[in-house]
Amino acid sequence: MVFDGCIPILVCGLSALAQGEMPHGSLIFDILFVLPQKDKSDESAIMDICWEIGFENDRVITPVILDRKQFERGPMSESALIDNILHEGVAA
């Protein structure tokens with residue numbers, strides 16, 4: 001997966017279905033994208049792809065898009081969402 005020549009460092013998902021714990025009818029997926037650096041075109045491309053895939057599969061895909069600095073040292077690095085993704089997520 002490449003966005004404007006930028007290859008994600010980490011892509012992983014957090015959902016009960018991804019972990020094999022929820023019935024196939026799960027509707028919501030959180031997917032973390034960590035990019036070396038990001039810009040609006042990367043964010044837009046990722047959101048468009050997630051929307052298209054979700055729409056085609058009757059799912060809601062919520063992308064969380066961070067650059068490496070935000071992921072490692074920013075406020076989100078201390079969030080419950082990132083903690084859950086790192087400890088319970090499934091790497092893609």
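Of the 92 residues in the protein chain, 35% are buried, where buried means under 20% relative accessible area, exposed over 50% and partly exposed in between (1.4 Å probe, protein chains only). The model is predicted: local features need pLDDT of at least 70 and side-chain atom pairs count only at pLDDT 80 or more, while totals for chains, interfaces and linings use all residues. Residues are numbered from 1 along each chain as its sequence is written, and side-chain values use heavy atoms, with hydrogens and water left out.

The protein chain contains 3 helices and 4 strands, arranged from the N terminus in the order β-β-α-β-α-α-β. Helices (H or I, at least four residues) and strands (E, at least two) are DSSP runs, numbered from the N terminus. Among contacts in the protein chain with a separation of 6 or more, 65% join residues 24 or more positions apart; a contact is a pair of heavy atoms within 4.5 Å. The accessible surface amounts to about 5900 Å², and carbon and sulfur atoms account for 57% of this area, as computed by the Shrake-Rupley method with a 1.4 Å probe, with only the protein chains shown counting as cover for residues.

The largest nonpolar core comprises 8 residues, namely Phe29, Ile31, Phe33, Leu35, Ile46, Cys50, Ile61 and Ile65. At least two residues of this core come from each of β2, α1 (40–56) and β3 (60–67), and β2 provides the largest share, 4 residues. A second, separate core has 7 residues, including Leu32, Val34, Leu66 and Phe71. A nonpolar core is a set of buried Ala, Val, Leu, Ile, Met, Phe, Trp, Tyr and Cys residues joined through side-chain atoms within 4.5 Å. In soluble globular proteins, nonpolar side chains tend to be buried together.

Isoleucine 28 lies in strand β2 (residues 28–35) and is classed as exposed because its relative accessible area is 52%. Together with Leu27 and Val60, Ile28 makes a nonpolar surface patch of about 280 Å². Such patches consist of residues with over 30% relative accessible area and no salt bridge, nonpolar side chains (Val, Leu, Ile, Met, Phe, Trp, Tyr) being joined within 5 Å and like charges within 9 Å. A salt bridge is a side-chain nitrogen of Lys or Arg within 4 Å of a carboxyl oxygen of Asp or Glu.

Serine 77 is located in the loop between α2 (68–73) and α3 (80–88). Serine 77 counts as buried because its relative accessibility is 18%. Its side chain reaches the backbone oxygen of glycine 74 at 2.5 Å. Apart from neighbours within four places in sequence, serine 77 is in contact with Gln70, Phe71, Glu72 and Ile82.

Definitions and conventions. A polar contact is a pair of N or O atoms within 3.5 Å; within protein, one must be able to donate a hydrogen and the other to accept it, and residues adjacent in sequence count only if both atoms are side-chain atoms.
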